[in-house]
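Hi,

Here's the structure I promised to pass on. Have a look at it first, and then read on for what turned up.

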Amino acid sequence: MEDEVVSIKIDSFDKLSISDFSIVGKALVAIDIRDISNNEDRRRVMDFVTGLSIGRECSIRQINKEGVYLLNPNEGNS
């Protein structure tokens, strides 16, 4: 899956599903939370995504100040 980026768009914490994140740690994943208007929901989603990236041994970085993040698997995971 080299150079493939899987995009996950999240518009609500309540609609978050762990099955949507099964690819994390196996490919580059772009997480887009720009459609979440509630700051509390944004924080909750990012807490989830951060924990998931730690658990799957991925690095996470912000690629857009409005709310797009890239989860990059470590070399040993891909």
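**The core**

The largest nonpolar core has 17 residues, and those with the most contacts inside it are Ile10, Phe21, Val24, Val29, Ile31, Ile33 and Val49. (A nonpolar core here is a set of buried Ala, Val, Leu, Ile, Met, Phe, Trp, Tyr and Cys residues joined through side-chain atoms within 4.5 Å; buried means under 20% relative accessible area, exposed over 50%, and partly exposed in between, with a 1.4 Å probe and protein chains only.) Two or more residues come from each of β2 (28–32), α1 (39–55) and β4 (68–73), with α1 giving the most, four residues. Helices (H or I, at least four residues) and strands (E, at least two) are DSSP runs numbered from the N terminus.

Before you go further: this is a predicted model, so local features need pLDDT of at least 70 and side-chain atom pairs count only at pLDDT 80 or more, while totals for chains, interfaces and linings use all residues. Residues are numbered from 1 along each chain as its sequence is written, and side-chain values use heavy atoms, with hydrogens and water left out.

Back to Ile31: leaving aside neighbours within four places in sequence, Ile31 is in contact (heavy atoms within 4.5 Å) with Ile8, Ile10, Phe21, Val49, Gly67, Val68, Tyr69 and Leu71.

**The hairpin**

**Charges**

(Lys and Arg count as positive, Asp and Glu as negative; His and chain ends are not counted.) The Arg42 side chain does reach the backbone oxygen of Ile36 at 2.8 Å.

Elsewhere, the structure holds six salt bridges, meaning a side-chain nitrogen of Lys or Arg within 4 Å of a carboxyl oxygen of Asp or Glu. One of them joins Glu40 and Arg43 (2.5 Å, N to O); being three residues apart in α1, they are separated by about one helical turn. Asp41 and Arg44 also form one, at 3.8 Å. Asp41 is buried at 16% relative accessibility, whereas Arg44, at 32%, is partly exposed. Shared partners join Glu40, Arg43 and Asp47 into one salt-bridge network.

Cheers

Terms used
Polar contact = N/O pair within 3.5 Å; in protein donor to acceptor, adjacent residues only side chain to side chain.
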